[in-house]
Amino acid sequence: MVVSVRLAFESSKVISYIMKQEKPIIENKYYKEPSVFLPDNLLKQSIRQKSLIPKKVPAVCVLDPDGDIAEYLLRKGQAKKNIFWPCYHTDMYVFKNKDREIGIVPGAVGSSFAVLVAEELFSMGCKLLISITSAGQIYPVMPPPYFVLIEKAIRDEGTSYHYLPPSKFAYMDKTLLKLFSGIIKDKTIPLKRGVTWTTDAPFRETASCIKQFKLQKILAVEMEAAALYAFSKVKKKPLICFAYVTNQMGKKTKDFEKGEHNGSELAIHLINSVAGIWDSVITER
């Protein structure tokens, strides 16, 4: 009996030690190896199964996790469904900015879903991807709602670790950041530039964690930017992330107010500004 108890105790210590050493989120990633499962192959089969005509998506596309922008455009009769979009999990809508068509995909919430759709968008011909996600305020630079141009994001999610080795931040491409930083000067859009915290678990934002990030002047918490920037860096795909700070995590009366039309008109103005800058660069080339 004594021997069995001792063996059980020693086994528990070994298991505890192993568990402390193992970190599955960063193990066995083999960053230099290509993926076996590719978006091109998935979409090829989707096109076959759905009897679609292969057709490229617009060069500029938007991820709209909340779906407010797409809903507004549809309600106003300014967008139509892209019937050629072969993604199994989402719909795409198309609207116009002057003579340019822009694709918008609503509902891709969270890092893994956002990157899955981003992979597919670039596979289908996207040249610039804009993400506009709602976010909770951490460091109060102004009263919500307002936008944040995310220059870097804390990697507190899982997806980015499949693209890049461990580090605290995932960064927006420096050339793109320099290119688009001028948008901050547009006084018609409440817009700041700064750092966010990307998490997979919005309902595990503890007071102690928020306090630490507030001390670091992290502006907001959202669910996609770090993963999207990691994907962007590895795949060398142009991508810009904005957070729309709309709430203080439900801690005040009448929280989560996004402003007129849920901020959609401002968001569309922001999208058009980014697309206009991008067009000017393409024209110069």
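Here's a quick tour, from the whole chain down to one residue.

This is a predicted model, where local features need pLDDT of at least 70, side-chain atom pairs count only at pLDDT 80 or more, and totals for chains, interfaces and linings use all residues. Residues are numbered from 1 along each chain as its sequence is written, and side-chain values use heavy atoms, leaving out hydrogens and water.

**The chain overall**
- You'll find 8 helices and 10 strands in the chain; these are DSSP runs, with helices being H or I of at least four residues and strands E of at least two, numbered from the N terminus.
- Of its 285 residues, 46% count as buried, meaning under 20% relative accessible area with a 1.4 Å probe and protein chains only.
- Take the contacts (heavy atoms within 4.5 Å) between residues at least 6 apart in sequence: 76% of them join residues at least 24 apart.

**Nonpolar cores**
- A nonpolar core here is a set of buried Ala, Val, Leu, Ile, Met, Phe, Trp, Tyr and Cys residues joined through side-chain atoms within 4.5 Å.
- The largest has 73 residues, and Trp85, Leu121, Leu129, Ile130, Ile132, Phe180 and Phe242 touch the most other members.
- Apart from that one lies another core of 9 residues, including Ile138, Phe169, Val195 and Ile218.

**Helix α4**
- Helix α4 has 13 residues and spans 18 Å from its first C-alpha to its last, close to the 18 Å expected at 1.5 Å a residue (1.5 Å times one less than the number of residues).
- Its buried residues include Ser111, Glu119, Glu120 and Phe122, and what covers the buried residues of α4 includes α2, β1, β4, β5 and α7.
- The contact between α4 and α7 involves Ala114, Ala118 and Phe122, among others, on the α4 side, and Ala227, Leu228, Phe231 and Lys235 on the α7 side.

**Ala79**
- Ala79 sits in strand β2 (residues 79-81) and is buried, with a relative accessible area of 15%.
- Ala79 and Tyr93 are 14 residues apart in sequence, yet 6.1 Å apart in space, C-alpha to C-alpha.
- Not counting residues up to four places away in sequence, Ala79 touches Leu73, Leu74, Tyr93, Val94 and Phe95.

Notes: Buried means under 20% relative accessible area, exposed over 50%, partly exposed in between (1.4 Å probe, protein chains only).
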